[in-house]
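Open the structure in your viewer and keep the selection panel at hand. This tour says what to select at each stop and what is there.

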Amino acid sequence: MVHHTSRYDLVVFGATGFVGRILCQYLLEQVGVNGSVKWAIAGRSQAKLNALVSDLGASTLPQIVADVSDEASLRDLCTQTQVVISTVGPYALYGEPLVKICAETGTDYCDLTGEPQWIRRMIQQYSATAEQSGARIVHCCGFDSIPSDLGVYYLQQQAKERLGGVCDRIKMRLMAAQGGVSGGTAASGINLAKEVSVDPALRQELDNPYSLCPDSSQLPEHPPIMVPVQYDQDFQGWVSPFVMAAVNTRIVLRSNALRSYSYGRQFQYDEAVLTGPNATGGLVAQGLGISLFGVAAAMAFSPTRWLLENTIIPKSGEGPSQADQEQGFYDLRFWGTTAEGQTIQVKVTGDRDPGYGSTAKILGQAGLCLAEDFPPSVKAGGFWTPASMFGEVLIERLVKAAGLTFEVD
């Protein structure tokens, strides 16, 4: 295990980006500058870091210049801190150097990636290094995938308490949400489409819900990740595919594996958008399904992908306004069924737009949780998921300070 004296508890890398700025404002409100949590901001441009400090009104907030193209600067950053929060995406393009250095230096790390193909590569390449150094690497600490992963975890704890056992089947349905799309999210999707277009094996990998599980070839068959347009009897309404299911389902299934299959080896999970109970709901579900298929088809071909990228999709660094973030929200419902047919439903909500306002608060609390609540003696080094790393400790933080609710419905 690597030991180094940390000057800071936490460093935000990519602080001057769209999400990074929201995150820094949130951390400033939560822990101040000279409080018990020592933190700093990092990015590649000294001028932009200076401007951010000025905008935040926090002249004493420490700054570190570091660039993903300069491993020496990343190593210098990591040796100064216990935890790094990275907001620099698309991670498949820019994320690997920092994960590599964190794994080598024993520095804890979390991010907000939703790129399963990249996560799999990082696990394959750096898992052994992180286990040896003691670095705890936790991907997907934003809207994808903490509400889903911890929602399932919460439901299973409630099922054990109320029903006497866990559920072997859980469904999440997005009941309602409001929020915008940023250029960063769009850029990640575009990059994935480009990767698939040049690597046929990646398409096969993306068809496997267990692709992030350590023993994926030994696990039972699982239904396809994308739920088709259909009527859901349990929720008494029509459902349509949910784009975030592509990463959320994999993270939930990996959490089950890392928790020694505490949900059961036959456990199944799926996600969809709930559109309504009547004919109108059916039409909306069909429309959403066609739109999702249309965008996916357009992204598969370079000419139409270029057209989307240069006309409709927002540019990197763009995102919803402050007002849109504050007016945003989301409402997720989870339906669990035990092997004996007993059922339980829980509700998870957030009080900001899912992609940015809420994600920044969730990510901030995940980083603080790593820094304050989980010394190396509690959790070993390696690649964790939010539920397998944090569990109820982070749920308590999110309810107290990040505007989320977890309750039996």
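**Whole chain**

The model is a predicted one. Show it as a cartoon: the chain has 16 helices and 14 strands. Now colour by burial. Of the 409 residues, 53% are buried.

**The seven-stranded sheet**

Select the open sheet of seven strands. Its order is β3-β2-β1-β4-β5-β6-β13, and the pairing is parallel. Go to the edges, where β3 (63-65) and β13 (382-384) stand. Each has a single partner strand, so one side of each is left without a neighbour in the sheet. From one strand to the next, the twist averages 20°.

Next, pick β4 (residues 81-86) and β5 (residues 108-111). These two run parallel and are joined by four bridges. Click on Ser-86: its bridge partner in β5 is Asp-111.

Two helices pack here. Select α2 (residues 46-56), which packs on the sheet and touches β2 (39-43) and β3. The direction of α2 makes about 160° with that of β3. Then select α3 (residues 71-78), which also packs on the sheet. Helix α3 touches β1 (8-13), β2, β3 and β4, and its direction makes about 125° with that of β4.

**Strand β1**

How many of its six residues are buried? Five are, which leaves β1 mostly covered.

Look at its two partners. Five bridges join β1 to β4, and the two strands run parallel. Here Phe-13 stands opposite Ser-86 in β4. That serine is the residue paired with Asp-111 in β5. Turn to β2, which runs parallel to β1 and is joined to it by four bridges. Select Val-11 and look across to Ala-40, its bridge partner in β2.

**Helix α1**

Select residues 18-31. This is α1, with 14 residues. From first C-alpha to last, α1 reaches 21 Å, close to the 20 Å expected at 1.5 Å a residue. Show side chains. Which residues of α1 are buried? They are Val-19, Gly-20, Ile-22, Leu-23, Cys-24, Tyr-26, Leu-27, Leu-28 and Val-31. Step just past the helix to Gly-32, where phi is positive at about 70°.

**Nonpolar cores**

Now go to the largest nonpolar core, which has 111 residues. Select the residues with the most contacts inside it: Phe-13, Trp-39, Ile-41, Leu-77, Phe-334, Phe-390 and Leu-398.

Zoom in on Trp-39. What does Trp-39 touch, not counting residues up to four places away in sequence? Its contacts include Cys-24, Leu-27, Leu-28 and Val-31, which are buried residues of α1. Gly-32 is also touched by Trp-39.

Another core, of six residues, lies apart from the largest one. Among its members are Val-227, Val-239, Leu-274 and Trp-335.

**Backbone stops**

Finish with four places in the loops. First, centre on Pro-90, in the loop between β4 and α4 (91-94). A cis peptide bond joins it to Gly-89, with omega about 0°.

Move to the loop between β6 (136-138) and α7 (146-163), where Ser-145 is found. The peptide bond from Asp-144 to Ser-145 is cis, and its omega is near 20°.

Cys-140 is in the loop between β6 and α7 as well. Its phi is positive, near 60°, and the residue is not a glycine. Is Cys-140 buried or exposed? Its relative accessibility is 0%, so Cys-140 counts as buried.

The last stop is Gln-236, in the loop between β8 (230-232) and β9 (237-241). Gln-236 has a positive phi too, about 50°, although it is not a glycine. With a relative accessible area of 46%, Gln-236 is partly exposed.

Methods. Residues are numbered from 1 along each chain as its sequence is written. This is a predicted model: local features need pLDDT of at least 70, side-chain atom pairs count only at pLDDT 80 or more; totals for chains, interfaces and linings use all residues. Side-chain values use heavy atoms; hydrogens and water are left out. Buried means under 20% relative accessible area, exposed over 50%, partly exposed in between (1.4 Å probe, protein chains only). The expected span of a helix is 1.5 Å times one less than its number of residues. Two strands pair if DSSP finds at least two bridges between them. Axes are lines fitted to C-alpha atoms, for helices over the stretch in contact, and angles run from 0 to 180 degrees between N-to-C directions. Contact means heavy atoms within 4.5 Å. A nonpolar core is a set of buried Ala, Val, Leu, Ile, Met, Phe, Trp, Tyr and Cys residues joined through side-chain atoms within 4.5 Å.
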